Amino acid sequence: MRILATYNIKGGVGKTATAVNLAYLASLAGNRTLIWDLDPQGAASFYFRIKPKIKGGGEKLVRGDLDLDARIKGTDFEGLDLLPADFSYRNLDLELDKAKKPLKQISRILKPLAEDYDLLMIDCAPSISLVSESVFRAADALLVPTIPTPLSLRTLLQLLKALDASGCKRLGVFPFFCMVDRRRSLHRGTADLAGEIPIPFLETEIPYSSLVEQMGARRAPLHTFARRSKPALAYEALLDEIREWFREGRGYFTKG
Amino acid sequence: MSVFVLKSGASADEVLKGLGEVHSLSVGRRAWETLTYRDTFDWRLHRGGVTLTTSGAGRNTRLAATPPHGGTLRARAPKMPAFASEIPPGPLQEIVHLLAGTRRLLHKGKARWLTLPAAVLNEDEKTVARICFREGTALPADSGDPIEMPIRLEIIPIKGYTKEERSVRRFIRKNFDLEEEHRSEVAAVFAALGVHPGDYTSSFRLELDPTLSAIEASRRVHEKLFGSMLANQEGLLADWDMEFLHDFRVAIRRARSAASQLKDVFPPIAVEDLRRELRWLGRKTGPARDMDVYLFRIPGYRESLPEGADKDLEPLVRLLREKKKKELGMLRRCLRSARHRRLVKDWAVFIDGRKLGEDPGPEAHRPIAAVASERIWQAFEKVIRKGGDIGPQTPAKALHRLRLDCKKLRYLISFFRSLYPAEELDSITQELKSLQKHLGEFNDLQVQQEALRRFAEELMETKRGPPATLLAMGQLLGQLEAAQAGERAMFHQHFSQFARPANRKRFRALFGPRPSAPPDREEESA
C-alpha cells in the first residue's frame, strides 16, 4: 500500500481538494483507495457526505484500541473508501503523547490495512504537531500544495527545516503550485521564485477555479461534475506526474 | 452482495415504486450493453477467479475484469485485444496477463444486458446501498435464438452501512416475489448457453476404479487423449496461439506412449496400426511446433545479446516466420488428408471398444491397478538403469534417450494417478519433474544449437543473412554451448538426487512388486 499525505503547515491551500480529487482519480484507474480524513474540520468527509464521526472516538482509534476496518465507510464511488474525521482529532497530540513510541503510532495502526488497499491518501490538518510527525513516519511522500505567494513559499521552507530537524525516515516531499491565478502578478512572480526553493516542484499546476470551490456545494469530487474542466485535467496530470516521479525515483526525498 | 431473480410477472419498476415509498432513491438511467465473456481455451481466467468481458468495438473497445478480491477493473483499448499483451498497461492488463500468459483471449459467451441502477440515499443524500436490475439475454454463438434470462436484482452493500443494506434487503424480500440466486452473472450466462467453464485443461485427469479391467481402463485413457487431440484441432488450424499445437502434440505423444506401454492389453494388430499412425501424425506436427518454439525464444535471444546487436536478428525472425507459415500450411494439409481422416476414424473405432474384445491382448482382463503398477515400476527401473550407465564421457544421445524414458514414466503415472494416494504421488512426481527439467534443458540447448547452425547456413546460402546477423547468431551459439556444458556437468547431481535410496523406496512402496504371500502355517507344519 502506497501512503501519500496532503500536507501544508498553512491552511486553505487546497489540501483537501487535492486529496479528494487524486484519491477519486486513483480509484477510477482501478486502485483500491482509502482516504483518511485526519483533519478535525472533516472537510474530506463532508465532500463525500459522510458524517465526521468515529464510533468509539478518534482517540481510541489512534491508540489502536478500535478495529480500524470497521470504522471505514464506503463512498459513493467504487473502490474508494474513507476513514472519517472525528472532532476529537483535535486532541490527538495529547493521545499520541501517551503512547509508547508516539512517532510510530500511525504506522502501527495502519499496518492491518496494507493488504486491503493499494493507496492510502491522508488529508492532514495544517500545523506541525506530533500527529503530523507521526504521519511523516508512515507516509511514502508528502504532497504539498503551495499557493504561489511568498508567504506560502516561506512555510514550505519551514517544513523542510522541520523535516531536517526531525530526522524522519526516507520521505518524498513533492510540492506543487495550487490555486494558481496567472492573471495576478503576485502569482506570476512567485512561481518564478520557486527556483529559490532547494527542492524540485512537480511541473503540474492546479489553476484557481471556482469549480474547485463548487465541490463543497455539490459535495462531490470535481470530475463527477466537471470532467473536462481545466482544474480536472490538471489533477489528472498531477496524478500522472506523481506516478512518474515514483517510477523514476525523481523528486526530493529526505535522507532517512 | 446479495442477488435475487424476480419471479415471473414482477418488474423492476414495481420493485422501485414499492421501495421508493419507504426509502429515498436516486434512480439511474436504463442502459443497454452487449458483453462478450472472454477466456483462454483452457479457462485460465476462470480458474484464477477472474471474469473478463469486452464490449464495444474498434477504437471504442472497453474491457472489464473482476478480480478475486472484488471490485471491477476497467480499461479501454484501441482495438479488440486478442492477447493480454495487446491490452493497454494497467491493473487490468496485469491481472489478465498474469493468468492468461500468451494464450489467446477467446469468445466464450455473449449476452445483452439492460441495466437499471438505483441508489438508496440517507438524509445527507449519501448512497448507503445500491440496487441494480440486470435483464439479460444470452446470445448463442451459432446465431441460434436468443435466450431470455430471469431479471437479476443485485443488492450491493456499501462498506460501513450494513444496517441500511439489511433493511433494504428485508423490505424487498418481504414484499416481492423473488428467489435467491447463488450463481454469478457469468455462470448464469454460461448455463443458459450450455457452456461448461473449466471443461478443458491441458493436464491429464481421469478417475479410474482399481478393479477395472486393464483393457477398459486403457480404453478410457485413449478416449480422453482422443478428445484432447480433437479439442485442440480447431485452434491449431486457425493458429489462435501456439499452445493448441503443443497440446495437440502432447495428446498424440501420450497416446503413442499409452499404446506402446500398454500394448499387451490391446489386440496386437489394432494397437500396432494405431502406434504407426500416431507416430506419423506426431512427426508431421514437429516442424511447425519447432518454429513456434524458435519464435518464442527470440525475445530471450535479443536480451542475451549486447545492446544494439539485438536488431541483427531480424533476418532470422523473418526466416522463422516464413518457415512457420510454410510448415503450418503443410500441417493443415496433413490434417485434411485422407490418411488423417482415416486415423481419426480408426482411433474412434478403437476407443469405441466394441472391437477391442475380438482379439484381446494377454493382459486385457487383469485389474488395472496391478498392470499399472507393473508398467510404472518397469519404466522406473529402466530410468534408474539407463541413468546409472551415463558417465562424464557418454554421448549426448544417451541423455536424450533417458529424457524420453522419463517422459514415458511420467505419462504412465499421470494416466493412472487416481489409483494411488495423491500426496505420495505428488511428491514423487515432483522428484521426476525436477530430473525431467534438467534433461529437458540439456536437450533443448542441444536442439537450439543445431537449429541455429542450420538457419545460419540457410541464411548464408540464400544470401539473406548479413554478417551482423551471422555474428549475432555465432554469439548465441557460444552462449548456448556454455550453458549446455554447465547442464552436462550437473547431470550426475540431478540424477543421484532422483535415484537416491529414499526415492527408490518411495517408488517401490507405491509400484514395486508385492512380496508373495507367506505359506500357510498349517501347510508348513504338515
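Which residue of β6(A) does A:T6 stand opposite? In this predicted model, the residue facing A:T6 is A:L143 of β6(A).

- Eight strands of chain A form an open sheet with mixed pairing, and their order is β3-β4-β2-β5-β1-β6-β7-β8.
- At the edges lie β3 (73-74) and β8 (252-253) of chain A, each of which pairs on one side only.
- Strand β1 (residues 2-6) of chain A runs parallel to strand β6 (residues 141-146) of chain A, and three bridges join the two.
- Helix α1 (residues 15-28) of chain A packs on this sheet, where it touches β1, β2 (33-37), β4 (80-83), β5 (119-123) and β6 of chain A, and its direction makes about 165° with that of β5(A).

**A helix pair in chain B**
- Helix α6 (residues 214-238) and helix α10 (residues 338-352) of chain B pack at an angle of about 145°, their axes being 9 Å apart, and the crossing of α6(B) past α10(B) is left-handed.
- To this contact α6(B) contributes B:R219, B:H222, B:E223 and B:F226, while α10(B) contributes B:W347, B:A348, B:F350 and B:I351; by class, the residues are five nonpolar, one polar and two charged.

**Contact between the chains**
- In chain B, 15 residues are in contact with 12 residues of chain A, and the elements giving two or more residues to the chain B side are β6 (73-77) and α3 (91-100) of chain B.
- That side of chain B, where it touches chain A, has five nonpolar, five polar and five charged residues.

How values were computed. Residues are numbered from 1 along each chain as its sequence is written. Chains are lettered from A and ligands numbered from 1 in the order in which they are written. This is a predicted model: local features need pLDDT of at least 70, side-chain atom pairs count only at pLDDT 80 or more; totals for chains, interfaces and linings use all residues. Axes are lines fitted to C-alpha atoms, for helices over the stretch in contact, and angles run from 0 to 180 degrees between N-to-C directions. Helices (H or I, at least four residues) and strands (E, at least two) are DSSP runs, numbered from the N terminus. A crossing is left-handed if the near helix is turned anticlockwise from the far one by less than a right angle, and right-handed if clockwise. Two residues are in contact if their C-beta atoms, placed from the backbone, lie within 7 Å. Ala, Val, Leu, Ile, Met, Phe, Trp, Tyr, Cys and Pro count as nonpolar, Asp, Glu, Lys and Arg as charged, and the others, Gly among them, as polar. Two strands pair if DSSP finds at least two bridges between them.
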